[in-house]
Amino acid sequence: MNPTYLLIIHGLVAVALLGAVTHQAISVWSAARKPAAASFVTRLRAVPATSYANAVVLLYLVSTFLGGWLYPAYRLNVRVVLEQLQMPAANGSFELKEHFAMLGLAMLPAYWYFWRASLEPAYARARVALTSLLAFFVWWNFLVGHILNNIRGFGS
Amino acid sequence: MNQNARLPVFVIVFSLATVIAYVVAVIYNYALFTYHPATGEFGLGVEKARDAPAMYWYGWIATSTITGAVAGLIACALPQGLTRRLPAALAWLAPLIATLVLGYLLRNFFLH
């Protein structure tokens with residue numbers, strides 16, 4: 001498939017993932033109890049965090065798969081140019097992006113388990129930590145991907 | 001050990017072992033295979049770049065995921081008394097520490 005189309009699909013999936021994991025992270029950090037007739041922020045905080053877990057897992061897997069599919073095109077057509085342009089921070093940011101993507105994959109079974117299979121109060125801290133870390137990885141990867149595409153998008 | 005008791009052991013140990021194996025694989029380049037994107041060829045283990053850059057990331061993922069899965073299965077087979085008090089925090093502390101380690105390893109990209 002044309003890398004530009006793949007990149008657009010990857011971006012759209014990433015937007016959905018960003019929205020889901022951000023909602024969940026906000027909810028676990030400051031849950032609101034009375035959403036009715038409340039402000040936008042209160043309703044945002046009141047979303048049922050549990051209901052996002054399956055969507056986050058699925059979107060993360062799809063997004064990472066698409067990113068992995070695109071990676072060779074990046075390696076051949078973008079990274080080389082970034083090196084020629086002497087932009088080490090941009091290259092380093094992408095190196096972190098690939099590592100964060102894998103760390104998120106490694107966490108995903110635990111994330112799913114503590115959200116879907118066991119909602120014991122004893123695991124509340126694990127849910128907050130896993131969600132926060134996953135949200136950080138997703139935000140980093142989204143922003144770095146967006147910035148790198150601005151520097152040298154596929155097809156440029 | 002019943003299946004309900006095994007699942008948390010597996011997911012915690014999988015996360016911990018996969019993350020540790022990934023960091024070790026990155027540092028020492030223990031890629032299970034190499035991908036050559038210019039030609040679309042795969043090579044077993046670590047191969048040097050040919051005419052174009054070689055990619056090890058897929059190989060690191062394979063190395064660490066298999067290691068994590070094997071470690072998780074071994075942990076599930078251990079007596080319940082050994083794994084009952086396995087802290088759930090390991091599932092997120094390992095990736096958190098790995099984030100800091102990998103950031104440190106890549107610091108030179110940002111310090112120029």
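Predicted model: local features only at pLDDT ≥ 70, side-chain atom pairs only at ≥ 80, totals over all residues.
**Ground rules.** Residues count from 1 along each chain as its sequence is written, chains are lettered from A and ligands numbered from 1 in the order in which they are written, and side-chain values use heavy atoms, with hydrogens and water left out. Local features need pLDDT of at least 70 and side-chain atom pairs count only at pLDDT 80 or more, while totals for chains, interfaces and linings use all residues.

I then listed helices (DSSP runs of H or I, at least four residues, numbered from the N terminus).

**Phe114(A).** I checked its contacts (heavy atoms within 4.5 Å). Leaving out residues up to four places away in sequence, Phe114(A) touches Leu119(A), Tyr123(A), Ala126(A), Arg127(A), Leu130(A), Ile12(B), Ala88(B) and Ala91(B).

**Positive phi.** Accessibility classes first: buried is under 20% relative accessible area, exposed over 50%, partly exposed in between (1.4 Å probe, protein chains only). Gln86(A), not a glycine, has phi near 55°. I found Gln86(A) in the loop between α4 (79–84) and α5 of chain A. Gln86(A) counts as exposed because its relative accessibility is 68%.

Asn29(B) also has phi near 55°. Asn29(B) sits in the loop between α1 and β1 (33–36) of chain B; strands are E runs of at least two. At 23% relative accessibility, Asn29(B) is partly exposed.
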